[in-house]
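Please have the sequence and the model at hand while reading.

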Amino acid sequence: MSSATPDPADLTARARIRDAAMRQFGEHGFDAATIRGIAETAGVSSGLIRHHFGSKQALREACDQHLVALIRRLNDEVRADPFGGEVNQVALARAAMGPYQRYLGRALAEGAATAVFDEMVALSEQWIVDGDARRADPPEVDARPRAVVVTAMALSVAVLHEQISRGLGVEVFSPAGDELLARTLLEIYSRPMLTPAEARQARAALDRSRHGD
């Protein structure tokens, strides 16, 4: 085997370590999680973790990059046929992200997972730009800040899933939750809370407030 070709068993060990780290970080938080605990969960030695990743911080960065790659694949799949087929896109995302929801929620609450957040912002911005091209009225706010807010709203499900489940009356990370969440999001995005006239009035009020009128 060429020295440039990774050993398949070695790749499997890296994946086990990464997934074990995500479980430990999700359950205990990054600061409280230990290399020893991750090693025990993965069934490997602490030395092997250091060999593969070097440090706990580098291991967390590898966890984030795994999620970034997963989110890119999901986005590509949805963009290929956004409204066709018989797939609930919320269910699709949950199936892929399900094992990592606790890690992601904990990391976001700790102010980490910035690579994941930034990737989702970039992908959301692409969707928003495409949507703007179909609009008759030009948006007042650039795509970037809208993408940031939309991403924060989407990721709040991972952070607030217990409160959301209680409020909806159904476990949000379940098939029934997928259905209700998908239909609720469709209502929110397709039926704005403000009419165009009300939005104009609200913008005018902001303008008056800015100028001290």
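## Surroundings of S165

Leaving aside residues up to four places away in sequence, S165 touches V170, E171 and V172; contact here means heavy atoms within 4.5 Å. S165 is found in helix α9, residues 161–168. Helices are DSSP runs of H or I with at least four residues, strands are runs of E with at least two, and both are numbered from the N terminus.

The relative accessible area of S165 is 10%, so the residue is buried. Buried means under 20% relative accessible area, exposed means over 50%, and partly exposed lies in between, with a 1.4 Å probe and protein chains only. A polar atom of the S165 side chain lies 2.9 Å from the backbone nitrogen of V172.

## Basis and confidence of the model

This is a predicted model, in which local features need pLDDT of at least 70 and side-chain atom pairs count only at pLDDT 80 or more, while totals for chains, interfaces and linings use all residues. Residues are numbered from 1 along each chain as its sequence is written, and side-chain values use heavy atoms, with hydrogens and water left out.

The protein chain has a mean pLDDT of 90, and 93% of its residues reach 70 or more; pLDDT is the predictor's confidence in each residue, from 0 to 100. Over residues 1–6, pLDDT stays under 50, and the model has 4 contacts beyond four places in sequence for them.

## Helix α3

Helix α3 spans residues 46–53, and I49, H52 and F53 are buried in it. Seen down the axis of α3, the buried residues fall within an arc of 75 degrees, so they line one face of the helix. The arc is that of the directions from the helix axis to the C-beta atoms. Just after α3, G54 takes a positive phi of about 85 degrees.

## Salt bridges

Side chains of opposite charge can pair when their charged atoms come close. The structure holds 14 salt bridges, each a side-chain nitrogen of Lys or Arg within 4 Å of a carboxyl oxygen of Asp or Glu. One of them joins the side chains of E119 and R72 at 2.9 Å, N to O. This pair links distant parts of the chain, 47 residues apart: E119 is in helix α7 (residues 114–133) and R72 in helix α4 (residues 56–80). E119 is buried at 13% relative accessible area, whereas R72 is partly exposed at 42%.

E187 forms a salt bridge with R191, with the closest N and O atoms 2.7 Å apart. Salt bridges that share partners also join D132, R135, D137 and R146 into one network.

Terms used
Polar contact = N/O pair within 3.5 Å; in protein donor to acceptor, adjacent residues only side chain to side chain.
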